[in-house]
Amino acid sequence: MTLTTLQLSEPYGRVTFRVSGQGFPLVLLHGVGMQSAAWYPQVEAFSAHCQVIALDLPGHGGSDTLAGEPALPDYVAWLHAVVTAMRLGPIHLVGHSMGALISAGYTVSHPQRVASVALLNGVFRRSSAARKAVVARANDIQRGCFDLETPLKRWFGDRPAEQKARGKVSDWLSSVNTKGYADAYAAFAAGDEKYADQFSQIRCPLLALTGALDPNSTSEMAEAMADIAPQGHAVIIEGERHMVNLTAPEKVNAILKDWLPTPAAERGTA
C-alpha cells in the first residue's frame, strides 16, 4: 500500500490516501477515529483486480480538517472534490460507519459517479433513544471528553481475532486529530436521516452489511436501507460487531466480491 498525498484547492487542502493495484477504482471510506490503514484486509484482497483507493477522511490520518463545524453534506462535497481531482468515475464505493453515511450521501448526490455502493455498519433513522445517546456522546467529545475505552468495549468481544483488531483500532483512536474526530462525530451523530428519504433514488446495486451483535448499526437498519433501494441487498454476519471488516475479513471480502458488479466501462463499452 503506497501512502500518497493529494493537494486540493481551497477549502479542502491536503488529502492523504493509500492506493494499490490497477483496474476499476474501488474507493474505501473509514469511520470516525479510524484511518485508511483500517482497510488493510480489503486492500490486500482486492488490489489484484481493482485500483483500491483508501482515503483518510478530513482530520484523520494525514488529511487536513474541514473548516468551521462541518455537517454530513460537507463531507460529501469533500469526497466529490477528491473524486473529481483524481478523475475517477464511475467508482465502486465502500464506506464503514461514518464512511457509510458519506457514501450514501455521495451516491444520492452524484449517481452518475457511482457504479455500486456498499454500506458497512451504517446507521439509518436511529430511534429517539439512540439519537439522544449519540448526540450526548458528540457533545462530550466537543467539550474535550474523549473516552477511548467505551467504544472499544462496544466494538469488540473476547475472541482472539477481535482482540488483535482492538489493539490496532486503539492505536488509531489514540493518535487521531482531536478537531477532526470531534467534527466527524458531530456530523455522524446528526447524519442518520440526512439522505434517508432519498434511498429510493439509488439505482445502482447497494449492499447494506452489518454484524448481528452491533448495537448501534443494527440489523434492522441494514434491512431497511436495502428494502428502500431498488437494487438493495442486506447481509447480516452472525456473531460480529461494529468493526466487522477487521474481525471477519474473510467473510466480508467474500461478500464484497459477490457484490462487485462488472460495469460497462470494464467490459470495454462506454
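Before you click anything, here is the rule for pairing: two strands pair if DSSP finds at least two bridges between them. Helices (H or I, at least four residues) and strands (E, at least two) are DSSP runs, numbered from the N terminus. You're looking at a predicted model, where local features need pLDDT of at least 70 and side-chain atom pairs count only at pLDDT 80 or more, while totals for chains, interfaces and linings use all residues. Residues are numbered from 1 along each chain as its sequence is written, and side-chain values use heavy atoms, with hydrogens and water left out.

**Stop 1: the sheet**

Colour the strands. They form an open sheet of eight with mixed pairing, in the order β1-β2-β4-β3-β5-β6-β7-β8. At the edges stand β1 (2–7) and β8 (232–237); each has a single partner strand, so one side of each has no neighbour in the sheet. On average, neighbouring strands are turned by 20° against each other, direction ignored. That angle is taken between axes, which are lines fitted to C-alpha atoms (for helices over the stretch in contact), and angles run from 0 to 180 degrees between N-to-C directions.

**Stop 2: strand β4**

Select residues 50–55, which make up β4. Is this strand mostly covered or mostly open? Five of its six residues are buried, where buried means under 20% relative accessible area, exposed over 50%, and partly exposed in between (1.4 Å probe, protein chains only).

Strand β2 (residues 14–20) pairs with β4 in the antiparallel sense over four bridges, and valine 19 has isoleucine 53 in β4 as its bridge partner. Strand β3 (residues 24–29) pairs with β4 in the parallel sense over six bridges; there, leucine 28 is bridged to alanine 54 of β4. To get from β3 to β4, the chain passes through helix α1 (residues 40–46), giving a right-handed β-α-β crossover. Right-handed means that, with the strands pointing away from you, the path from the first strand over the helix to the second runs clockwise.

**Stop 3: further along the sheet**

Show β6 (residues 114–120) and β7 (residues 206–211): they run parallel, joined by four bridges. Valine 117 stands opposite leucine 206 in β7. Next, bring in α8, which packs on the sheet and touches β6, β7 and β8, its direction making about 165° with that of β8. Contact here means heavy atoms within 4.5 Å.

Zoom in on serine 219, found in helix α8 (residues 219–228). Serine 219 is buried, because its relative accessible area is 14%. Leaving out residues up to four places away in sequence, serine 219 touches Thr210, Gly211, Ala212 and Ile236.

**Stop 4: charged pairs**

Side chains of opposite charge can pair when their charged atoms come close. A salt bridge is a side-chain nitrogen of Lys or Arg within 4 Å of a carboxyl oxygen of Asp or Glu, and by this rule there are eleven. Select arginine 131 and glutamate 193, whose side chains meet at 3.2 Å, N to O. Arginine 131 sits in helix α4 and glutamate 193 in the loop between α7 (178–190) and β7, so this pair ties together parts 62 residues apart in sequence.

Arginine 159 is partly exposed at 32% relative accessible area, whereas glutamate 162 counts as buried at 4%.
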